Amino acid sequence: MPLVTRNIEPRHLCRQTLPSVPSELECVTNITLANVIRQLGSLSKSAEDIFGELFTQANTFASRVSILVERVDRLQVKVTQLDPKEEEVSLQGINSRKAFKSSTTQDQKLFDRDSLPVPVLETYRTCNTPPPLNILSPYRDDGKEALKFYTDPSYFFDLWKEKMLQDTKDIMKEKRKHRKEKKENPNRGNVNPRKIKTRKEEWEKLKMGQEFVESKDKHGPAGYPSNMVYQNGSIGSSESMDGSCYPPPPQTDSIVPPPPSFPDDSLPPPPLEFRLPAAQGG
């Protein structure tokens, strides 16, 4: 519901009940002129109130600006007095100092009876008082005030307070839940993932030598048994492997034919260096 701050009265200049006079036109003219004068007086009063509020706000703003100018002047003097060549500030000294933190003042009771503008206060004073229903409160069985069923100025405040209390309870409940989970799982945030072993790493170890392979590892790379891994990194089948780490000799599918037979006379003579020396003397 919009709240009218200032009312200009009278709103209707010529809407009046005429008395019994011989000249009605002259009577209407006089009533209209009187209402115009009254309306101008109401307008001048509202204008005075508006300019008075502007003057008060301007004074408040000027005082805040003057305080800010004084602070800037003091800061300027301190900055000009600093000489970086003479005064050396270490990084540790800078970090040890506290950072600037502005003090934010939270205003309260902005909409109480003392902060009401003058036009609103005058409108409030012209309102009719509520009926005296509070005299019926002693006759109620529930103990509630009877006047609050007619008007309750604290309704919205109580509604806001209930909502704030419920939000606070929800926050505390969530904190207790997280604290309980943290107690049940203390190492939940410090879980180190297991390193995945790859076949390439095992092959690199085998390439350097069998002694570089972990003795507790009973299997070769990628889960293969150690007797299936050759020293060159290749993987063989379990059927063609014996107890050693060396590969078996190759097996040929075809039978090798025997060498051809030559008669003794057709054999070529042996080389000179393998000939027996001739018998000397004798």
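Author: The accessible surface of the chain comes to about 26900 Å². Carbon and sulfur atoms hold 58% of that surface. The model is predicted. Buried residues make up 8% of the 282 residues. The chain has five helices and zero strands, in the order α-α-α-α-α from the N terminus. Of the contacts with a separation of 6 or more, 31% join residues 24 or more positions apart.

Now the charged pairs. Side chains of opposite charge can pair when their charged atoms come close. The count here is five salt bridges.

Start with Arg6 and Glu53. Their side chains meet in a salt bridge at 3.2 Å, N to O. Arg6 lies in the segment before α1 (24-81) and Glu53 lies in helix α1, so the pair ties together parts 47 residues apart in sequence. Arg6 has 25% relative accessibility and counts as partly exposed. Glu53, at 30%, is also partly exposed. Asp49 joins in: Arg6, Asp49 and Glu53 are linked in a network of salt bridges.

Next, Arg140 and Asp142. Their salt bridge spans 2.7 Å, N to O. Arg140 is partly exposed at 31% relative accessibility. Asp142 is partly exposed too, with a relative accessible area of 42%.

Then Lys163 and Asp167. The closest N and O atoms of this salt bridge are 3.4 Å apart. Both residues lie in helix α4 (residues 155-184). They are four residues apart, about one turn of the helix. Asp167 counts as partly exposed, at 30% relative accessibility.

Note on methods: Residues are numbered from 1 along each chain as its sequence is written. This is a predicted model: local features need pLDDT of at least 70, side-chain atom pairs count only at pLDDT 80 or more; totals for chains, interfaces and linings use all residues. Side-chain values use heavy atoms; hydrogens and water are left out. Helices (H or I, at least four residues) and strands (E, at least two) are DSSP runs, numbered from the N terminus. Buried means under 20% relative accessible area, exposed over 50%, partly exposed in between (1.4 Å probe, protein chains only). Contact means heavy atoms within 4.5 Å. Accessible areas come from the Shrake-Rupley method with a 1.4 Å probe; for residues, only the protein chains shown count as cover. A salt bridge is a side-chain nitrogen of Lys or Arg within 4 Å of a carboxyl oxygen of Asp or Glu.
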